[in-house]
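Hello,

Here is the structure I promised to pass on to you. Please have it open while you read, and my notes follow below.

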Amino acid sequence: MKLLIIEDEEGLRESIEEYFKGEGNICETAATYADAVSKVELYRYDCILLDITLPGGSGISILKKLKDHHYTDGVLIISAKNSLDDRLDGLNLGADDYLVKPFHLSELKARVSAIIRRKMYNGSNLLVFNEITIDLQAKTVSVLDKPLKFTRKEFALLIYFIANKGKVVSKNAIAEHLWGDGIDLADNFDFIYSHIKNIRKKLIEAGANDYIHAAYGMGYKFADQ
Amino acid sequence: MLITGIIYYQAISWILIDQNDKALMVEENEIFDYVKLNNKLPQEFDSKDQQITFTEAAPNSVTREFINTDYHKEKNEYESGRGLITSVTVNGKYYKILIVESKVETEDLIQIIFGITIGVILLLLLVLLIANRLILNRLWQPFHAILKEMKVFNLAENKEISQTTTRIDEFAELNQAATTLTSNARHDYKDLKTFTENASHELLTPIAVINSKLDTLIQTEDFSEQQSKLLTDLYSAVARLSRLNQSLLLLVKIENRLLTDQQTINLEELVQELLAQLEDIFSDKHISIKTNLQNKQISGNQYLMEILLNNLIINAVRHNHINGEIIIELTNDGLSVKNTGDTKVLQDDKIFTRFHKSDKSEGSGLGLTISKQICENMGWQLNYQYISPYHTFIIVF
């Protein structure tokens, strides 16, 4: 997929670029409003990561430009402005999603994947990873055409892992994804472990490979190896 | 008033008695003239209001004097009267003369004059009193208006003290001072809030960078156990920092009433949703949940309601012990969250203040402050009480 990262903070921009690179993804970056506008007017992207506060202008007006031209690029707003008005403004103007800083890169990746999946919607809405098939519409998981029983959270977690395949996902990121960032129980991640254990057990029993690996006690990695 | 009345009464009495005495003296002179002219006593006579009697007396035994006496009106009927005792010598005989005049009319006159005067004075007083009240009220009106405004003045509300129009310099000055004082206070308060907001805001970007760098760092392979332990600690610290920052921003927003969009919210459904969401956290601590929920609709901000309920429920989990219990009750009048936990009673006045938290707490110390502020914005009350073995937080709608 082809991405454009519009973000003025160099550290953040580089991290995002680095995280999304590979697997045939093409990442372009823009640090200023002018740079962003010229890129958006010349090229089309699968998804644009858009910061609202940019040197030289507002991300909102870039979003307006895109919609005025009826470009269908997916847009995910990443902003430090955690105000509901901004969120609603952005979404009303046609942004696909809104993520508030600070965020985990794995969360960003999951959101971007979801946007691109929706853009490429081809009627079936199936997410296939080797022998695992996930129907996003019906919210079912099957391995080798055998349907499995997944709880809501296990389902969400599996999709999250597949979106971040090959990456180490921290426990913090998983907790925030499943319980929201309002959850404030950083001292205890046992309940994550039990979810992971369940998913692994169900997949392996159905005949799938063991894709989920613990990574040095700080997170998990979903990888095809 | 009383003294004035007495003096006044005495003065009138004195003047009128003096008049009486003069009339008696005129009568006396008439008798003397008559005696000189005719060399005999005049006839004794009773008129309507004067009686004159002559009695023989030893020579020079009578001293001339005025007396208060009784006036014999008819048989056995006396009125108060004023008399003059004097003497005359006719043909070598010495006579005592008693002239008595009725004082009834004089007294009537005194009473009438006195009555009218007192009446007028009382009326005057009454008018004065009413006029005074009205005028004073009108006069102090600007003062009371300013006082009222100052009493209801609230720093957080964006309502200025209105200019009271007055022609009285002192009040105009007072109003001026009050306006300046409040606008200064408000200005400082606003500055402080803006500072909090800006500071929290500026912190967001560095936190975001640290977070993303950590996410990138753990992608590099091969960590020793010690390194991964350090990274885990870093993650927790950044997560706490980020939550703290978010809480501060949220608090400023709630205090500034920036989250204003209202929806109809079914509280019963919302509580059920949150409980389902947190299910695995309860089971992790083996906490049993009991609910008694009535259907209750409110109009409010969905985002804030979620935060409020989430805070209360998460608190009930965090400060609970293994195999503990949480009871959530929703009625038409309120919502209560009870939890078992430490048997120590919390300090009612401190728990809602910023950054107050128990030693063991992993939270930001802002959760209850935020909850309280949300309740205040909704016009609700948030109260705490401990009825063994439950710590109870009650929202009164």
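Chain A has an average pLDDT of 86, where pLDDT is the predictor's confidence in each residue, from 0 to 100. In that chain, 92% of the residues score at least 70. Helices (H or I, at least four residues) and strands (E, at least two) are DSSP runs, numbered from the N terminus. Where pLDDT is low, the predicted coordinates should not be read in detail.

A word on conventions: this is a predicted model, in which local features need pLDDT of at least 70 and side-chain atom pairs count only at pLDDT 80 or more, while totals for chains, interfaces and linings use all residues. Residues are numbered from 1 along each chain as its sequence is written, and chains are lettered from A and ligands numbered from 1 in the order in which they are written.

Now to where the chains meet. The contact draws 36 residues from chain A and 41 residues from chain B; two residues are in contact if their C-beta atoms, placed from the backbone, lie within 7 Å. On the chain A side, helix 1 (10-20), helix 5 (105-119), strand 12 (168-170), helix 7 (171-179) and helix 8 (190-205) each supply at least two residues. Helix 1 of chain A gives the most, with six residues.

Next, a sheet in chain A. Three strands form an open sheet in the order 12-14-13, with antiparallel pairing; two strands pair if DSSP finds at least two bridges between them. Strand 12 and strand 13 (212-215) of chain A are the edge strands, each pairing on one side only. Four bridges join strand 13 to strand 14 (residues 219-222) of chain A, and A:A215 has A:G219 as its bridge partner in strand 14.

Chain B has an open sheet of five strands, in the order 6-8-9-11-10, with mixed pairing. Strand 6 (288-293) and strand 10 (381-387) of chain B stand at the edges with a single partner strand each, so one side of each is left without a neighbour in the sheet. Strand 9 (residues 334-339) and strand 11 (residues 390-396) of chain B run antiparallel and are joined by six bridges. The bridge partner of B:K338 in strand 11 of chain B is B:T392. Helix 6 (residues 302-318) of chain B packs on this sheet, touching strand 8 (325-330), strand 9 and strand 11 of chain B.

Best wishes

Notes: Axes fitted to C-alpha atoms, helices over the stretch in contact; angles between N-to-C directions.
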